[in-house]
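Opening the notebook on this one.

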Amino acid sequence: MSEWLQQAIARADSIQDGFEDQRATSLALLKDIKWPTRKTEAWKYTPLRAVERSKAIFKEESPELEPVAVEGLEFLELTFVDGQLVSLPEELPEGLSIEMQESSLFATIKPERHVFGLVNDVLAADVAVVTVAEGVAVEQMLRINNLLSNGAQGHIRVVVDLKAGSSLKVVENAEGQGASLTTAFTEYQIGVEANLEHYRFALQSGDNVAVGGSHFKLFENAVMNSSIIGFGSDLQRIDTDIVYAGEKANAKLNAIYLLDGKELFDLHANVEHAVPNCTTEENIRGIAGDSSRAVFNGRIHIHRDAQKTLAELNNRNLLMSNKAEINTKPELEIYADDVRCAHGATIAQIDKQALYYLQTRGVSRSQAQLMLSFGFINELIDQMPTVELADWVRPIIRDRFAQMEVK
Amino acid sequence: MSNENTLLSIKDLHASVEEKNILKGLNLDIKPGEVHAIMGPNGAGKSTTGYVLSGRDGYEVDSGSVTLDGEDLLEMEVEDRARAGLFLAFQYPVEIPGVSNLEFLKVAVDSQREARGEEALTSAEFLKMAKEACKQVNLPVSFLKRGVNEGFSGGEKKRNEIMQMMLLQPKLCILDETDSGLDIDAMQVVANGVNSQRSPERSFIVVTHYQRLLDYIKPDFVHVLADGKIVKSGDASLAKELEEQGYAWLQTEPTEDELED
């Protein structure tokens, strides 16, 4: 067992609060767990050296940090600094509540198999529970900010409960100042006919170490639309689980990663079609430059009873350097016989036909290559339902991309 | 045959695709302001001509020469041919999701202006031009924001090609079966767009399988391309003749070239 995990367990032993029962279970599991190595399938391409070597500490006092502004959007801000909840919205729209209380949903949507999920179970100091009342549509976006000061360690946890017929838009935003370490897990229960618009931005790079997950459970006719955008860092790992608990639910997941230098980014997406008539559409696109490494694992599990499932998983990658590495593994496990599923993964160079087309209009070959590479990921940004977020993140990605080209 | 007044001069052009000879001695001279129609059966090399002239990968020139305004076209990169004034309107324009039409058009126009030593347009100036061009080809302005040709219908793609032509102001436009897949109304919009761009300085090669487009875009010359070379040339009336007789006579009668031999 790693020293880092031993310290985490020791710290957990000393924490006392209202989540004790669930925490005791997670702690017991954690004490028994095998620290992931190269031989652990879920961590095969993602070494944990960065965690083991991290010197990030739990700070007694943290500086005041503000989340990045997004033009045209005024969020309901739920802000954590170094793992401590520092601010809640002063006024909440009717039907929306945020409480620091025990929730029966805690650790029920996030599967037990995630090692760092268990760590988060026992170390997240402030667990926020967001509830949207039945039939309420919250217009203003809720933003969960996970801000980390230089050298800090922090663990945050949010549980979101969308009651029947409600709707909510949530942005998960992580910003680290450097040499930080965080785990950030969120659990979403999306009730009957409820609607979740979700974003997870993991744009902190450098020596920030971040492991986390967004986990969703959908009931009948529920709809979710999620966009995940990540840069790599010393270690950036996101797990997402989508579980269908009611029929005719529908999930769309778009994810983008853009890696440079020696960065590492790892996305594991798991979808459990446990009931019939649900639809999943996943589009994952990444660009890896320099000597970076991207890992994608997309599993869709269609259970025996999940007839009439429609599921599509598409992972496309562009390699910009011959030292960059992409490890992609789509997994379709189908136990029902009347389903429509497709999956594919490609690692490719730029589309030659499109390149020629641009050149015939007088665009130089090098500029055309740039336009097409950016367009390749911009296509998914264009699909983000909230235009202000797309307009905010597009130039950030464009700038990073332009820098990558220079090298 | 060619003189100082010739815009495009193709001499004894032989070209192949995947080692299969497609063009087998193509000759064509075009003066500024002329409209030439190239007709012919499938597989004659009509589309290949456009691809070879524009410099598409995989289209190998085996022998012969092509000059545009006296410059050796075949020596140039694809983008330099465009900057020299060549424009190919595609039969099947490529969809490029993620690259907005407006951004694409601006970069294309800027690249060509830069090559001609002209100043770049401001975004506002360009937007005004682009909106104007949209109107002329009957495309909603919202199409500027969409990905290049993304989800456009066949007709919308063709109109987008004509819009690009209007913005780029080329010297020589090759329209590769621009009428294919268009209904009469859409064809008329496309033809009006083309006609509005006719000028004493600008020349056109209208590649088409059918005569009907030539009712709208009146050619000065009509050529029949068969088996990689021009087998018959005439004025606009030749197109009507072909419409009535089809191309069957090509197989049964000796061609002009063969008679000359």
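Predicted model: local features only at pLDDT ≥ 70, side-chain atom pairs only at ≥ 80, totals over all residues.

I looked up how helix α5 (residues 352-359) of chain A sits against helix α6 (residues 365-382) of chain A: they pack at an angle of about 125°, with axes 9 Å apart. I therefore put α5(A) and α6(A) down as oblique to each other. The crossing of α5(A) and α6(A) came out right-handed.

Next I asked which residues meet there. From α5(A) I noted A354(A), L355(A), L358(A) and Q359(A), and facing them in α6(A) are R365(A), A368(A), Q369(A), M371(A) and L372(A). Sorted by class, that contact has six nonpolar, two polar and one charged residues.

Then the loop. I found N277(A) between β14 (264-273) and β15 (279-288) of chain A. Leaving out residues up to four places away in sequence, N277(A) touches E247(A), K248(A) and K308(A). I also checked N250(A), which is 27 residues from N277(A) along the chain; their C-alpha atoms are separated by 9.0 Å.

Last, the contact between chains. I got 20 residues from chain A and 21 residues from chain B. On the side of chain A that touches chain B, α5 and α6 of chain A each supply at least two residues. α6(A) gives the most to that side, with nine residues. By class, I logged seven nonpolar, eight polar and five charged residues for the side of chain A.

Note on methods. Residues numbered from 1 in each chain as written. Chains lettered and ligands numbered in written order. Axes fitted to C-alpha atoms, helices over the stretch in contact; angles between N-to-C directions. Helix = DSSP H or I, 4+ residues; strand = E, 2+ residues; numbered from the N terminus. Parallel < 35°, antiparallel > 145°, perpendicular 65-115°, else oblique. Left-handed = near helix turned anticlockwise from the far one by under 90°. Contact = placed C-beta atoms within 7 Å. Nonpolar A, V, L, I, M, F, W, Y, C, P; charged D, E, K, R; others polar.
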